[in-house]
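Reader: I am new to this structure and would like to learn how to read its features one at a time. Could we begin with a single residue and then go on to strands and helices?

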Amino acid sequence: MIPTESAESSGPLTGLTVLDLTHALAGPFASFLLAGLGARVIKIENPCAPDPCRQNPPYLGADGVSLGRKSNDDVSVSALNRLRGKYGVTLNLKKTRGREVFADLVRHADIVVENFSAGTLDRLGIGYAFARSINPRVIYSSISGFGATKTAGRTGTGKAMDSIIQALSGLMMTSGAPGDPPVRVGVPVADLLAPVFAVVGILAALRQREIGGAGQHVDVSMLGVLTSLVAAEPFDLLEACGLPQRTGLMVPRLTPFGIYESADGHVAICAPSETFARGVFVAIGRPEFETDPRFATRDARVAHVDELNAHIEAFTRTIPTAALVPLLEQHGVPASEVRSPADAVRDPRVLARGETVPLEHPQFGRVADVVGMGVPITFSDAATNHLRPAPSVGQDNALVFGEWLGYGSAGVEQLRTDGII
């Protein structure tokens, strides 16, 4: 019997068991969030083909970070980041005995998370219908490129990667300036946002299970998530009204609003209200713009956006960022420097709140300055981010199969001999 409580966790989801059939990024990020919230996550990998994220450079080893593996002890930083907080087991689900072992796990599980192509696990005989037949209370979450339900039409090749979803969602045509080629967002937003919605769905399904007693299938489409978020902004309507849907560094309909060059970098200035705009005018030494008919109202500023931005940037280009941001703040203008990822993830504020965390090699400790993702939620009466290190492939086979399922050491050895684990 899998223990009902987790001694190492006091998170809101303590006592819940998650079976993690995920790989790459979208699925592992969902199960990472569940682990960070206190659930016991059992990551199940194919013994012949473990999670491909384990092969992602860079690697962390005894001598620090490298682009290529120098030793068998070197571990992918992606794996260290995404697999934290999980128990690692191997299981060959293509074999009958492997599916039987999986059924034993499902009997004791609350949640199953998978992100295979739609229909893959049904063809293996371990999809939602199978899991529900074993455990009617199980919540089975599927994250796929286009959703588990069959709909009319098909886009692309049917294969889903983050860049493909960015392309199909229209997101690539919202960044950059008019006439630019498509711009891929550097952070893999489809891979990271779809699992957030999957976790929202899982939590909602848990609440419904409390009321009705039954689990259900939570089906999340990467394309659906990203397209839904693109639809949050009326790009097509703005274009129909005369504003280009791609506006580069500026947001003309909120002007002054955008990224402006400083003497030694760039600053973000966000001044959509009259009060904020007046603060910008005073900061750049042009207080008379408050009554200038070209700039006195939002609509006027939108109509003269290029002219106003030219005035602002003529000033900001003369001031170093370290002096420009305090000047804008002094006049009540929301502003900040534009930072590099390296600086941003090491911000003392986010480190102190556990929103980013130092990563350590499971064997050698903190041999380099490597920072990974935390769980960016702070509770008043619960803990997050108390995560065990990322497991090696099959690290917890003896614990999960031998102790928790009661197979014993002989049973685990038989599974290994038969190529099941």
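Author: Leaving aside residues up to four places away in sequence, His-361 touches Leu-60, Gly-61, Asp-73, Asp-74 and Val-75. Please keep in mind throughout that this is a predicted model.

Reader: Where in the chain is the place of His-361, and does His-361 count as buried or exposed?

Author: His-361 sits in the loop that lies between strand E13 (356–358) and strand E14 (371–373). Buried means under 20% relative accessible area, and His-361 has 3% relative accessibility, so it counts as buried. For a distance across the model, take Asp-180, which is 181 residues from His-361 in sequence and 42 Å from it in space, C-alpha to C-alpha.

Reader: How should I read a strand, and which residues of strand E8 point one way and which the other?

Author: The general idea is that side chains in a regular strand alternate between the two faces of the sheet. In E8, Ile-139, Ser-141 and Ile-143 point one way, while Tyr-140, Ser-142 and Ser-144 point the other way, and all are buried. Because six of the six residues of strand E8 (residues 139–144) are buried, this strand is largely enclosed by the rest of the structure.

Reader: Which strands pair with E8, and in which sense, parallel or antiparallel?

Author: In general, strands of a sheet pair through backbone hydrogen bonds, and the pairing is either parallel or antiparallel. Strand E7 (residues 111–114) is joined to E8 by four bridges, and the two run parallel; within this pairing, Val-113 has Ser-141 of E8 as its bridge partner. E8 also pairs with strand E9 (residues 217–221) in the parallel sense, over five bridges, and there Tyr-140 stands opposite His-217 of E9.

Reader: What is the order of the strands in the open sheet of three strands, and which strands stand at its edges?

Author: The order is E10-E11-E12, and the pairing is antiparallel. Strand E10 (257–261) and strand E12 (335–337) are at the edges, and since each has a single partner strand, one side of each is left without a neighbour in the sheet. On average, neighbouring strands of this sheet are turned by 20 degrees against each other, direction ignored. Three bridges join strand E11 (residues 266–270) to E12, and Val-267 stands opposite Glu-337 in E12. Helix H13 (residues 321–330) lies across E11 and E12, and runs at about 165 degrees to E12.

Reader: How do I read the packing of two helices, and at what angle do H1 and H7 pack?

Author: One can look at the angle, the distance between the axes, and then the residues that meet. Helix H1 (residues 26–36) and helix H7 (residues 189–212) pack at an angle of about 45 degrees, their axes being 8 Å apart, and they are therefore oblique to each other. Their crossing is right-handed. H1 contributes Ala-26, Phe-29, Ala-30, Leu-33 and Leu-34 to the contact, and H7 contributes Asp-191, Leu-192, Pro-195, Val-196, Val-199 and Ile-202. By class, this contact of H1 with H7 has ten nonpolar, no polar and one charged residues.

Reader: Which residues meet where H6 and H8 are in contact, and how do they divide by class?

Author: The axes of helix H6 (residues 162–169) and helix H8 (residues 222–230) come within 9 Å and cross at roughly 45 degrees, which makes H6 oblique to H8. This crossing of H6 and H8 is right-handed. From H6, Ile-165, Gln-166, Leu-168 and Ser-169 meet Met-222, Leu-223, Leu-226, Thr-227 and Val-230 in H8, and the residues of this contact divide into six nonpolar, three polar and no charged.

Definitions and conventions: Residues numbered from 1 in each chain as written. Predicted model: local features only at pLDDT ≥ 70, side-chain atom pairs only at ≥ 80, totals over all residues. Heavy atoms only, no water. Pairing = 2+ DSSP bridges. Axes fitted to C-alpha atoms, helices over the stretch in contact; angles between N-to-C directions. Contact = heavy atoms within 4.5 Å. Parallel < 35°, antiparallel > 145°, perpendicular 65-115°, else oblique. Left-handed = near helix turned anticlockwise from the far one by under 90°. Nonpolar A, V, L, I, M, F, W, Y, C, P; charged D, E, K, R; others polar. Buried < 20%, exposed > 50% of the residue type's maximum accessible area, 1.4 Å probe, protein only.
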